[in-house]
Amino acid sequence: MPLIALGLEGSANKLGVGIMRHSDDGSVQEILANVRHTYITPPGEGFLPKHTAAHHREWIMPLIKQALADAGLASLQDVDVIAYTKGPGMGPPLQSVAVVARTLALLYNKPLYGVNHCIGHIEMGRHITQAQNPVILYVSGGNTQVIAYSHNRYRIFGETIDIAVGNCLDRFARFIKLPNDPAPGYNIEQYAKEGKKLYDLPYAVKGMDLSFSGILTNLESLVAKHHVSDARNPTGPPPRPGRPKQTITKQDLCYSLQEHIFAMLVETTERALAHVGASQVLIVGGVGCNLRLQEMMAQMCAERGAQCCATDERFCIDNGIMIAQAGLCLVKGGVKPLELAASTVTQRYRTDAVYVSWRED
């Protein structure tokens, strides 16, 4: 009999519910439902864990009902497996979703699996793009890692040593008051398309690791010394008293930020690609749907005779279907369901801490 999995994702401000069906041997994998709701704050504000958790508690049951309807399922009795994000992520949002997953598993007597959020991104990316054994660039609000698979582990070649690339983008968007709807990184991408001047910013590649906090500090200093205008609204507010008359645009700032940090990401990924002799690069995570990043990575891959694999916002941005997919991978790998006492969350859940039993070397 085919297996149907319900996946619940809520590690940050996006709450996702997905339903996926696998055939007995896993050769046929069908996405039945993939719904999502995002907690959005006003421009200039981030999202606090307690408010994000409250959002998830409010929306999770309506989303589950919508997913069941989209999948054509009568009730949760028709689901075989329940999977939830165990970590990494923000504590209160993770816990709010874990409680619901645990409750549903008990009510409907379903096996429960805790999924590593990063593994969910990777396996969903592999499924959608059919990438076989790629070097993986995982870029999101809370994570930045260059990864390759070996001996039943996803090995981390390099990562951020301070803040994640998505966090860098989000914080800068808040600093210059870009909207958070639909996402700060998306709005930076749109502004960057209109940028013309490239400002010199720190380029902080340290071996295989990266640092983004210096770029953010440098940009904030640049903003503090100039009048910042929006090229879309040149008749905006006048410079504040005491500010120099020189004007810089949000478009040029966003353009400069993207070009620098994406070049850093491409460099470290290229080094890993050369080291392992891979022929594919897979970009996953919320920042991975940025078309400029995909373009730069594709150019590097073309020069090395490799293929760049990426997906769109349906599967790059946090979603429930990737948790359902990873849950089915755990079933395929012979992993036992969680006992009730073990159905907890782990805020710092490393990608390389997961034994990848469903893949063969």
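Predicted model: local features only at pLDDT ≥ 70, side-chain atom pairs only at ≥ 80, totals over all residues.

Guide: Residues are numbered from 1 along each chain as its sequence is written, and side-chain values use heavy atoms, with hydrogens and water left out.

Visitor: What domains is the chain divided into?

Guide: The division gives domain 1 (2–125 + 315–333) and domain 2 (133–313), with bounds that come from an automatic or database domain assignment. Their centres, taken over C-alpha atoms, are separated by 27 Å, and the contact between them (heavy atoms within 4.5 Å) takes 19 residues from domain 1 and 22 residues from domain 2.

Visitor: What makes a space a cavity?

Guide: On a 1 Å grid over the protein atoms alone, a cavity is a set of points where a 1.4 Å probe fits but cannot get out, and its lining residues have an atom within 4 Å of a point. The structure holds one cavity of 30 Å³ or more, and the volume of the largest cavity is about 40 Å³, a volume being the space filled by probe spheres set on the points, which are joined across faces, edges and corners.

Visitor: Why is the largest cavity said to lie between the domains?

Guide: Domain 1 and domain 2 both give residues to its lining, and therefore the largest cavity lies between them. The lining consists of H121, M124, G125, I283, V284, G285, T311, F315 and C316. Three residues, the largest share of the lining, come from α3, where helices are DSSP runs of H or I with at least four residues and strands are runs of E with at least two, numbered from the N terminus.

Visitor: Which residues does the "binding site" annotation cover?

Guide: In the unreviewed UniProt entry, that annotation covers H117, H121, Y138 and D318. Although these are spread over 202 residues of sequence, they cluster in space, with a largest C-alpha distance of 12.2 Å. From this set, H121 is taken into the lining of the largest cavity. Such annotations may be inferred rather than shown by experiment.

Visitor: Why is Y138 called buried?

Guide: Its relative accessible area is 0%, and buried means under 20% (1.4 Å probe, protein chains only), so Y138 is buried. Y138 lies in strand β6 (residues 135–139), and, leaving aside neighbours within four places in sequence, its contacts include H117, H121, V284 and G285.

Methods: 1 Å grid on protein atoms, 1.4 Å probe; cavity = no way out; pocket = protein on both sides within 12 Å on 5 of 7 lines; lining within 4 Å. Buried < 20%, exposed > 50% of the residue type's maximum accessible area, 1.4 Å probe, protein only.
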